[in-house]
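Me: I am new to this structure and would like to go through a few of its side chains with you. Please show it first.

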Amino acid sequence: MNKPHSFETIQARLNQKVDTTDRGQTLPKTAAALALEDSADRLVALVRAIETERLLAPAVVESGADCESGSVSTIDTRTGPAVVAFTSAQKMKMWEGDARPVPFAGKRVAMLATAEAGGRLVIDPDQDGNGIRVPRPAVVALAHGDSWLPAWQDEELQGALAEFESREIAFARLLPSDSEIQRLAIGVTQYGTTRNRELTAQIHAISALPRLKPAAEVIEILPVPVAAS
């Protein structure tokens, strides 16, 4: 379900200055990011690109209304409503032909997503709502003017997870992710498969690691059997 917001109010609040030379094209760093084949690398590069490049917010104008009475929209996702933004006017037209593209700095889009949708942001959704779902930690970092450190690239976090290695657990490792779901692979030893209570307690302790919660939006535990060496 689309959730309307006053475009005029949003633009005034963020003090947006519109670049009249913008023709709605995909900007260079964004285009380079979208061209990457690996989906996780693509997500990371896209977040880096919009630290300095703009996105396009859709102002959906109702029939007979002028631009000031239009609205920008959110879409429903599995974790809740998310603000919509686009990398080009062409991508926006494929989603909604009547939408008016209005440029916003990536940081300002992140601010809007944080304020209006709990930090959820979808870039370039299609008509079915499928697009690039930016993880909440990345959106929050953008909104604060910081650089996002993906959880699987956080060496201190990976080091903290390594401390859980035991007779039951061979490793606990964050895998590269291209969405809000961060997979945590846990290598379960043959000994661990016979110690269900101990193993469950350790997995619970891993999932409750204080540094893990702000680093990832949704944690999915992925048990991986590890053969004896």
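Me: Is Trp 148 buried or exposed, and what is its relative accessible area?
Reply: This is a predicted model, in which local features need pLDDT of at least 70, side-chain atom pairs count only at pLDDT 80 or more, and totals for chains, interfaces and linings use all residues. Residues are numbered from 1 along each chain as its sequence is written, and side-chain values use heavy atoms, with hydrogens and water left out. Buried means under 20% relative accessible area, exposed over 50% and partly exposed in between, with a 1.4 Å probe and protein chains only. Trp 148 is therefore buried, its relative accessible area being 6%.

Me: How many aromatic pairs does a search of the whole structure find, and which kind is the pair of Trp 148 and Trp 152?
Reply: Rings of Phe, Tyr and Trp (its six-membered ring) pair if their centres lie within 6.5 Å, and planes under 30 degrees apart count as stacked, over 60 as edge-to-face and the rest as tilted. The search of the whole structure finds two such pairs. For Trp 148 and Trp 152, the ring centres are 6.1 Å apart and the planes lie at 85°, so this pair is edge-to-face.

Me: Which kind is the pair of Phe 86 and Trp 95?
Reply: Phe 86 and Trp 95 are both buried. Their ring centres are 5.3 Å apart with the planes at 45°, so the pair is tilted.

Me: Over which ring does the charged end of Arg 167 sit?
Reply: A charge sits over a ring if NZ of Lys or CZ of Arg is within 6 Å of the ring centre and within 35 degrees of the ring normal. The charged end of Arg 167 is 3.9 Å from the centre of the ring it sits over, that of Tyr 191.
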